[in-house]
Amino acid sequence: MRHPIARLRSLRSVELRTSAVAESADFYANVWGLRLVDGDAGGAWLRGTGDQHHALQLTHAERNGLGRISFAVGTPREIDEAARRLAQHGIVPLSGPGPTGNVGAGYGLQFADLEGRVIELVAETLAVPKIGGDDAVPVGVTHVVLNTVDIDAAVRFYEDVLGMRVSDWSEHQMAFLRCNSDHHSIAFNQSGWASVNHVAYEMPTVDHFMRGIGRLRHHGITPLWGPGKHGPGDNTFSYFADPAGLVCEYTSGIAQIVEDQWLCRVWRRVPELSDLWGTAGPPSQRVREHMAGIPDAGAFDRPGSTIEQGALS
Ligand SMILES: [Fe+2]
């Protein structure tokens, strides 16, 4: 019997590899509403108003891609246990278990999923106080949508290895997975290649969400798609492109799941369910192209990588 490797508490942060690190750091800090907590020529770390040390890490790269997805786990002991269980799944960690050496500290481990995405489990990161105030800025990162060439294999891996649960499907095109009461922290989208579809940032209320869109408008930035409200997850959405062309989303009001009462359903992909308010209209070709991104082999294509595509079971 193979068990999930850990109980994930929450999505903690996302690292994006970006071809425009300086411009993107300026955008996320001075327009999007995050705060710069650390940075150098090769990267930047930015936080929201929540209690995570950072929500977004930007790392310089030749091509856009995912750096890693970090999930919070309760204790270092659970990290050590996760390493033992990873072995039962036939997966060799890329690093750890041990002190991460990251900005924000922590004790963690990293491994690659079936398509080379780097997953990090981390405990005991630096605690930071929440930032007060009523500004229309993100609390933190709340979900990541990932393009995959095999949605069934991806879902199975995140269920079996990471213990995530499917909240809903959007036909056989998208799957929404949760690790806590939020309807989804990860979603997969069936696509022609693996890549980041978008990263979503939580706004506390619909009012903050709309005021955030208004602030971007004053900066001359209009949504690629939205504002609107999704059927699956019941959350508001407004999608934008960052300076490197990666898609970022403001969202609010994600559905809260009661674990033993939720029934997964398959949503039809029709306009009245994709756009509950009828304000967004269908996604344009332009937003589809940004969300498709470019093929990203992740850990399978990094300098010094010792693992090869297909080497994992
Ligand atoms: Fe989203």
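Me: Contact means heavy atoms within 4.5 Å. Which residues does Lys-229 touch, not counting residues up to four places away in sequence?

Reply: Asp-234, Asn-235, Thr-236, Phe-237, Ser-274, Asp-275, Leu-276 and Trp-277. Each counts because its heavy atoms come within 4.5 Å of Lys-229. Ser-274 is 45 residues from Lys-229 in sequence, with 7.4 Å between their C-alpha atoms.

Residues are numbered from 1 along each chain as its sequence is written, and side-chain values use heavy atoms, with hydrogens and water left out.

Me: Where is Lys-229 placed?

Reply: In strand 14, residues 225-229. Helices (H or I, at least four residues) and strands (E, at least two) are DSSP runs, numbered from the N terminus. Pro-227 is in strand 14 too. The peptide bond from Gly-226 to Pro-227 is cis, with omega near 0°.

Me: Which other bond is cis, from Gly-96 to what residue?

Reply: To Pro-97, with omega near 10°. Pro-97 sits in strand 6, residues 95-99. Most residues other than glycine have a negative phi, and most peptide bonds are trans.

Me: What is the phi of Glu-124, positive or negative?

Reply: Positive, about 55°, although Glu-124 is not a glycine. Glu-124 lies in the loop between strand 8 and strand 9 (140-148).

Me: Why is the pair Arg-9 and Glu-78 called a salt bridge?

Reply: The term asks for a side-chain nitrogen of Lys or Arg within 4 Å of a carboxyl oxygen of Asp or Glu. Here N to O is 3.8 Å, so the pair qualifies. Arg-9 is in the segment before strand 1 and Glu-78 is in helix 2 (residues 76-88), 69 residues apart. The whole structure holds 12 salt bridges.

Me: Which domains does the chain have?

Reply: Domain 1 (10-123) and domain 2 (140-292). Their bounds come from an automatic or database domain assignment. The C-alpha centres of domain 1 and domain 2 lie 20 Å apart. Their contact takes 37 residues from domain 1 and 39 residues from domain 2.

Me: What makes an area count as buried between domain 1 and domain 2?

Reply: Buried area is the accessible area (1.4 Å probe) that two parts lose on being put together, summed over both. Here that is about 2,800 Å², with 73% from carbon and sulfur atoms. Leu-11, Val-31 and Trp-32 supply 24% of the area domain 1 buries, more than any other three residues.

Me: How many salt bridges and polar contacts join domain 1 and domain 2?

Reply: Zero salt bridges. A polar contact is a pair of N or O atoms within 3.5 Å; within protein, one must be able to donate a hydrogen and the other to accept it, and residues adjacent in sequence count only if both atoms are side-chain atoms. Nine residue pairs are in polar contact, both at pLDDT 80 or more. On the side of domain 1 that touches domain 2, strand 1 gives the most, with eight residues.

Me: How far can the coordinates be trusted?

Reply: The chain averages a pLDDT of 94, and 96% of residues score at least 70. Over residues 308-313, pLDDT stays under 50. Where pLDDT is low, the predicted coordinates should not be read in detail.

Terms used
pLDDT = per-residue confidence, 0-100.
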